[in-house]
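Subject: Handing over the structure, with notes

Dear colleague,

Here is the structure I said I would pass on to you, and my notes on what was found in it follow directly below. Please read them with the coordinates open beside you.

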Amino acid sequence: MAGGKETPRQKMIGMMYLVLTALLALNISKEVLNGFVKVENSLQNTQKTLKGKVSETLTTLEVKYAQNKEKVGPFMDKAREVRGESDQLVNYITQLKGRCMATSEGKYDDAVENDFLDFIGKDDSGMDTTMSLADIQKKDEYQELTAFMVGSEPQSPKFDENDPWSASALKQNLEAYRDYLKEIRLVDSQGNSRELPEYIKVQLDDRFSFPNEMEDGKEVLWEAANFFDVPLAAVMPLMSKMIIDVQDAQEDVLSWLLGGIEAKSYKFTDLKPLVVPESNYILRGDSFRADVLLAAYDATNAPDIFIDDQKWDGRDSAMLAYEGMEGMTIGSDGMGKLRIPTRGMSLGEMNFKGLIRFQGPDGNVEPYPFFTPTITVAEPALVVSPTKMNVFYRGVPNPVEVSVPGVPQDKIDVRIDGGHSIKRQSDGSYIVEPANNSSVREANITVSAELPDGTKKTLPSKNFRVKRIPDPVAFWTGKKPSDKGITKAEVLSFAPVAARMEGFDFDVKVRVKSFTMRISKDGSFSDLASGNNRITSDQKEALKRLRRGNIIYLEDILVSMPDGSERDLPPMKLKITG
């Protein structure tokens, strides 16, 4: 019963009680009354079981007290106090049960003179008890019982401070007992203040709650609902259940006191080897480093674990405000299953803080803040190395991605040889600019990484070829060297001569510096030169006189390249087709 949970047997008794009460309201006679007798007998057996459990806990406390009076003394004193209060209340309810029996039997006055010895006595175990309900003649009597417990007005139950024998006085005594237990406090031998844990207080409120009830659509007081026009056969099991509630509450508090003696002596049910690596990424040549320990956990007492999904700044050490947060899933191995989505997170190193709340032996839930190891958030990377195409081109910025799995970008050092340069960009990528020296045809990139333990490791270098940019292709009025024909209208557009990098993925701009136009007309040739990429006035006049079948040659096309060099492009031959 510790923890306030009903056993299956008690749940069955409670259901029987409700069913029998309903049947009794229909005036079902002897069989129903006998059913209440069985419920009452079962409840009294439960009382004996709980009394034995309470006695066992008290005996354990006494043994510990004999071993260490200074340490156990505060807990033992409080346990004895709780036992006295509980015994007093149980005795009171037992006395009230005997008076209810005497009242229903019409023998109250005689019982007073005889100190109710005909109705109250000791059982075989020496426990205070009432005579068996089976021996009561008027089990279905309720009129005298109602007058005794409630009075004539159900909405105004009788109450007299000098008369403890009524439903209102019973309720008041139960509430006082509840409040007394909830306020229990003590100071241990170390000067630490202890008070009843919150979960026991909640159970006390649930166990000793006496709200109004609804009958035939009307709200009635607890006293009237349970004792007004209710026969003795139903009242006796109800009051026996109250005694069980008192015993349950007493056992909960005594168990808490017993656990408080060794409040820091945690009990665990399982042991598990645990390996905590410094990093999940290990570079070949480096060492795998991890802390190995034997972890203990209680499979019957799982902790509550909370994690803040906002990264920890490394400075704010305030305890995590876990209220309203959803706890972490706890696996069968006793471990919390941490999962923090990285979608939308910034890249780089970060930590997170969390809180573990664990119920100790004294019943109190203690908070244990924790901080995760440093983790690195990086973009997903696929590394494919086309060895035949590892090329850097002179004269253009060559973008390069450099990364070492498991190592942050700010922990790697990238270098290049051969007089070439490499520069890191704001987005973490790099730009390689090869040297202009055409005799240097290779470049080696070397990366060194700072490992989690602070040591540095140089990775194998990566070799690249250094080549010049491919030749551009000349264009004129949308035509290129592979084209053969051109219309007179296209010729007279007098478009400038251009050059483009076809099939080259770099954004490269080239400029035509000069070209020669050779025109074939009537078997004669004329050469006209331009010192830039535009058509000269002489060239324009010559082009105007051309007709169908004449041929235009663009030769000596000289272009300037981004690396500062100049190149001659292949000539173009175009025949006017119309």
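Are Tyr393 and Phe504 buried or exposed? Both Tyr393 and Phe504 are buried. Please keep in mind throughout that this is a predicted model.

The protein has 11 helices and 29 strands, and buried residues make up 40% of its 578 residues. Of the contacts in the protein with a separation of 6 or more, 65% are between residues 24 or more positions apart. The accessible surface comes to about 32,600 Å², and carbon and sulfur atoms account for 49% of that surface.

Aromatic rings

A search of the whole structure finds 13 aromatic pairs.

Elsewhere, ring pairs link Tyr108, Phe116 and Phe148 into a cluster. Arg99, which is in helix 3 (residues 69-105), touches each of Tyr108, Phe116 and Phe148, and also Trp165, when residues up to four places away in sequence are not counted. Arg99 counts as buried because its relative accessible area is 12%, which is under the 20% limit.

In helix 11 (residues 537-544), the buried residues are Gln539, Ala542 and Leu543. They cover an arc of only 100 degrees around the axis, and they are therefore on the same side of helix 11. The face turned away from that buried side carries the exposed residues Ser537 and Asp538. What covers the buried residues of helix 11 includes helix 10 (488-491) together with strand 22 (473-476), strand 25 (511-521), strand 26 (524-530) and strand 27 (551-560).

Two residues with positive phi

Thr477 is not a glycine, yet its phi is positive, at about 50 degrees. This residue is in the loop between strand 22 and strand 23 (485-486), and Thr477 counts as buried because its relative accessibility is 18%. Phe494 likewise has a positive phi, near 50 degrees, and is a residue other than glycine. Its place is the loop between helix 10 and strand 24, and with a relative accessibility of 22% Phe494 counts as partly exposed. The two residues fall into separate classes because the limit for buried is under 20%, with Thr477 at 18% and Phe494 at 22%.

Two further sites

Which backbone atom does the side chain of Thr146 reach? The side chain of Thr146 reaches the backbone nitrogen of Asp229, at 2.7 Å. Thr146 is in helix 5 (residues 143-149) and counts as buried, its relative accessibility being 4%. Leaving aside neighbours within four places in sequence, Thr146 is in contact with Gly151, Phe227, Phe228, Asp229 and Val230.

The other site is Asp333, which lies in the loop between strand 9 (304-307) and strand 10 (348-350). Asp333 is in contact with Lys272 and Tyr297, again leaving aside neighbours within four places in sequence. Asp333 and Ala299 are 34 residues apart in sequence, and their C-alpha atoms are 7.7 Å apart in space.

With kind regards

Key. Residues numbered from 1 in each chain as written. Predicted model: local features only at pLDDT ≥ 70, side-chain atom pairs only at ≥ 80, totals over all residues. Heavy atoms only, no water. Helix = DSSP H or I, 4+ residues; strand = E, 2+ residues; numbered from the N terminus. Buried < 20%, exposed > 50% of the residue type's maximum accessible area, 1.4 Å probe, protein only. Contact = heavy atoms within 4.5 Å. Areas by Shrake-Rupley, 256 points an atom, 1.4 Å probe, with all protein chains shown as cover. Arc of directions from axis to C-beta. Phe/Tyr/Trp six-rings, centres within 6.5 Å; stacked < 30°, edge-to-face > 60°. Polar contact = N/O pair within 3.5 Å; in protein donor to acceptor, adjacent residues only side chain to side chain.
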